[in-house]
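Subject: Structure for you to look at

Hello,

Here is the structure I said I would pass on. Please open it first, then read my notes below it.

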Amino acid sequence: PRIVVFVGKITYKVFSKKDCDFGWQQDLFNSRVYVMHFPTRGPKLERIADLLEIKRALNTLKQK
């Protein structure tokens, strides 16, 4: 896939064995990797911002 999204830091950490911040991570093979906020934590505006960021990146990739 062009973009892989992990929902929550714990999900990413279990997969990668690495700590992370929310947002873009190091690419995995040919896929961009994004860690978004978990749905039950924090304000929903954080998740909306995450999804808009992912959408912008996907639109950019489609133009290439």
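The buried residues of helix 2 pack against strand 1 (3–7), strand 2 (23–28) and strand 3 (31–36). This is a predicted model, in which local features need pLDDT of at least 70 and side-chain atom pairs count only at pLDDT 80 or more, while totals for chains, interfaces and linings use all residues. Residues are numbered from 1 along each chain as its sequence is written, and side-chain values use heavy atoms, with hydrogens and water left out.

Some terms come first. Helices (H or I, at least four residues) and strands (E, at least two) are DSSP runs, numbered from the N terminus. Buried means under 20% relative accessible area and exposed means over 50%, with partly exposed in between (1.4 Å probe, protein chains only). A contact means heavy atoms within 4.5 Å.

Helix 2

Helix 2 covers residues 44–63, which is 20 residues. From its first C-alpha to its last it reaches 29 Å, close to the 28 Å expected at 1.5 Å a residue (the expected span is 1.5 Å times one less than the number of residues). Which residues of helix 2 are buried? They are Arg47, Asp50, Ile54, Ala57 and Leu61. Seen down the axis of helix 2, the buried residues fall within an arc of 90 degrees, so they line one face of the helix; the arc is that of the directions from the helix axis to the C-beta atoms. An α-helix has 3.6 residues a turn, so residues three or four places apart point the same way. The face of helix 2 turned away from the buried side carries the exposed residues Lys44, Leu45, Lys55, Lys62 and Gln63.

Three strands form an open sheet in the order 1-3-2, with mixed pairing (two strands pair if DSSP finds at least two bridges between them). Strand 1 and strand 2 stand at the edges with a single partner strand each, so one side of each has no neighbour in the sheet. Neighbouring strands of this sheet are turned by 25 degrees against each other on average, direction ignored. For angles, axes are lines fitted to C-alpha atoms, for helices over the stretch in contact, and the values run from 0 to 180 degrees between N-to-C directions.

Strand 1 and strand 3 run parallel and are joined by five bridges. Strand 2 and strand 3 run antiparallel, with four bridges between them. These two, strand 2 and strand 3, also form a hairpin with two residues between them, and Phe29 in the turn has a positive phi of about 55 degrees.

Helix 2 packs on the sheet, and its direction makes about 170 degrees with that of strand 3. Helix 1 (residues 9–16) lies across strand 1, strand 2 and strand 3, running at about 115 degrees to strand 1.

Leaving aside neighbours within four places in sequence, the contacts of Val35 include Phe6, Tyr12, Cys20, Phe22 and Gly23. Five of the six residues of strand 3 are buried, so strand 3 is largely enclosed by the rest of the structure.

Gln26 is found in strand 2. At 60% relative accessibility, Gln26 counts as exposed. Not counting residues up to four places away in sequence, Gln26 touches Lys18 and Val33. Val33 is also the bridge partner of Gln25 in strand 3.

The whole chain

The chain has two helices and three strands, and from the N terminus on its elements run β-α-β-β-α. The radius of gyration is 12 Å, close to the 11 Å that the globule rule gives for 64 residues, so the chain is as compact as a globular protein of that length. That radius is taken over C-alpha atoms, and the globule rule is 2.2 Å times the number of residues to the power 0.38. The C-alpha atoms fill a box of roughly 35 × 30 × 15 Å, taken along the principal axes. Buried residues make up 30% of the 64 residues.

Regards
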